[in-house]
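I opened my notebook to get to know a new structure. Here is what I looked up, entry by entry.

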Amino acid sequence: LRRARMQLAHDALPPTPAEARAHRATPAEQQSMAATTRLAIVASPGDIRPRLEDLAARHGADEVLIVSVTPDYGTRVRSYEAIAAAFEVNQRWPSLR
């Protein structure tokens, strides 16, 4: 929903979970979401590592850039922490919270 809004020059702030659930997409938003959903990886902590590794392998990449779009800072940090844990990254910095 956020990406569709951005492409259609609407408010680009991420919707809250309640707003996203209640929203009924316009035909233009539906078209935009269909085009960009294929580029996204939405996965559980247990599935994210193989999905990212597969994506990188298919494109011959030795690194990936991750952008986690969430409605607030706390969920964004938890998202990055889950990805780090999936890749067994040893965090050497204090918590960002």
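I began with glutamate 29, which counts as buried because its relative accessibility is 5% (buried means under 20% relative accessible area, exposed over 50%, partly exposed in between, with a 1.4 Å probe and protein chains only). I found glutamate 29 in helix H3, residues 27-37 (helices are DSSP runs of H or I with at least four residues, strands are runs of E with at least two, numbered from the N terminus). Its side chain reaches the backbone nitrogen of threonine 26 at 2.9 Å.

A note on the source: this is a predicted model, where local features need pLDDT of at least 70 and side-chain atom pairs count only at pLDDT 80 or more, while totals for chains, interfaces and linings use all residues. Residues are numbered from 1 along each chain as its sequence is written, and side-chain values use heavy atoms, with hydrogens and water left out.

Next I stepped back to the whole protein. I noted five helices and zero strands, and of its 97 residues, 15% count as buried.

Then I turned to helix H5, residues 73-86. How far should its 14 residues span? I got 20 Å at 1.5 Å a residue, and this agrees with its end C-alpha atoms, which are 20 Å apart (the expected span is 1.5 Å times one less than the number of residues).

Within H5, I listed Val77, Ile83, Ala84 and Ala86 as buried; their cover includes helix H4, residues 45-59. After H5 comes glutamate 88, with a positive phi near 55°.

How values were computed. A polar contact is a pair of N or O atoms within 3.5 Å; within protein, one must be able to donate a hydrogen and the other to accept it, and residues adjacent in sequence count only if both atoms are side-chain atoms. Contact means heavy atoms within 4.5 Å.
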